Amino acid sequence: MLDPFAFDSFIVRAEIHILEIEPKITRTLDLPMALNFAELHEVLQAAFGWTDSHLHQFNVGGLIFGAPEFDEDELFDNRIFEATELRLIDFVFPYDPDGQPLAIIYEYDFGDSWRHLLRLERLPREEGVKYPRCIAGARSGPPEDVGGTGGYADFLEAWLDPDHEDHKAMRRWAGRKFQPELCNLDAINKAIGKAIRGARGDYRFRQDRP
């Protein structure tokens, strides 16, 4: 029986969508309370099919969390706090089940500016379930370097219209595997598992350093 006072008796459910895209691209993730934000970054990359080719940051109540080494020249206006030092367990969740969920912003690729809204709520953990996991989703994540939300809209217009002058070029560029309405939960969960194993509690890029 789960201990109602133990942190590992609970998980965080994250309802996520990429802002300024309609129909929405969504994922629903169940996350362990001990997950830190470097690991959360890896889970989000896997869940939306990103390739971790660009910078990212979390905006948590106006504080920025990420990898501070990417701002060694102090080019950013805000101080970047270390993502491994913030965990989901550090949040105070409302006791009222009808209360407003906590909300944070995850931004990936500062050029294309893919902003993901995460709404977080605490739920009882299910015994025998392995976390993190993706339990629901809609639509595929956009291709990398497509040009943000505006560029993605233009891309889809060409990708979907056989008579568009750029239709063949966009199909070749995106590759045969890309299907904008596809959301394969099995593939997503395999990618999440691989990402968490590779991260080992930190960013994967740090694990690859010599």
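Arg-204 and Glu-42 form a salt bridge through their side chains, at 3.1 Å from N to O; the term stands for a side-chain nitrogen of Lys or Arg within 4 Å of a carboxyl oxygen of Asp or Glu. The two residues come from distant parts of the chain, with Arg-204 in helix 5 (residues 204-207) and Glu-42 in helix 1, 162 residues apart. Helices here are DSSP runs of H or I with at least four residues, strands are runs of E with at least two, and both are numbered from the N terminus.

Glu-42 counts as buried because its relative accessibility is 0%, whereas Arg-204, at 29%, counts as partly exposed. Buried means under 20% relative accessible area, exposed means over 50%, and partly exposed lies in between (1.4 Å probe, protein chains only).

## Basis of the model

The model is predicted, so local features need pLDDT of at least 70 and side-chain atom pairs count only at pLDDT 80 or more, while totals for chains, interfaces and linings use all residues. Residues are numbered from 1 along each chain as its sequence is written, and side-chain values use heavy atoms, with hydrogens and water left out.

The structure holds 10 salt bridges. One of them pairs Arg-133 with Asp-30, whose closest N and O atoms are 3.1 Å apart. This pair also links distant parts of the chain: Arg-133 lies in strand 8 (residues 133-138) and Asp-30 in strand 2 (residues 26-32), 103 residues apart. Arg-133 and Asp-30 are both buried.

Arg-133 has a further salt bridge, to Glu-126, with an N to O distance of 3.1 Å. Glu-126 is partly exposed, since its relative accessible area is 40%. Through shared partners, salt bridges join Arg-13, Asp-30, Glu-126 and Arg-133 into one network.

## Cysteines

The count of disulfides is 0, a disulfide being a pair of cysteine sulfur atoms within 2.5 Å. For Cys-134 the closest cysteine sulfur is that of Cys-183, and the 5.8 Å between them is too far for a bond. Cys-134 is buried, with 4% relative accessibility; Cys-183 is partly exposed, with a relative accessible area of 21%.

## Largest pocket

The largest pocket contains about 400 Å³ of space. Its lining has 20 residues, and those nearest its centre are Arg-27, Phe-48, Gly-49, Ser-140 and Gly-141. Helix 1 (37-48) and helix 4 (185-199) are the elements that give two or more residues to this lining. By class, the lining of the largest pocket has 11 nonpolar, 6 polar and 3 charged residues. Nonpolar covers Ala, Val, Leu, Ile, Met, Phe, Trp, Tyr, Cys and Pro; charged covers Asp, Glu, Lys and Arg; the others, Gly among them, are polar.

On a 1 Å grid over the protein atoms alone, a pocket is an open set of points with protein on both sides within 12 Å along at least five of seven lines, a cavity is a set where a 1.4 Å probe fits but cannot get out, and lining residues have an atom within 4 Å of a point. Points are joined across faces, edges and corners, and a volume is the space filled by probe spheres set on them.

## Cavity

The structure has 1 cavity of 30 Å³ or more. The volume of the largest cavity is about 70 Å³. Its lining consists of Leu-55, His-56, Gln-57, Gly-66, Ala-67, Phe-70, Phe-76, Ile-80 and Phe-110. These divide into 6 nonpolar and 3 polar residues, with no charged residues.
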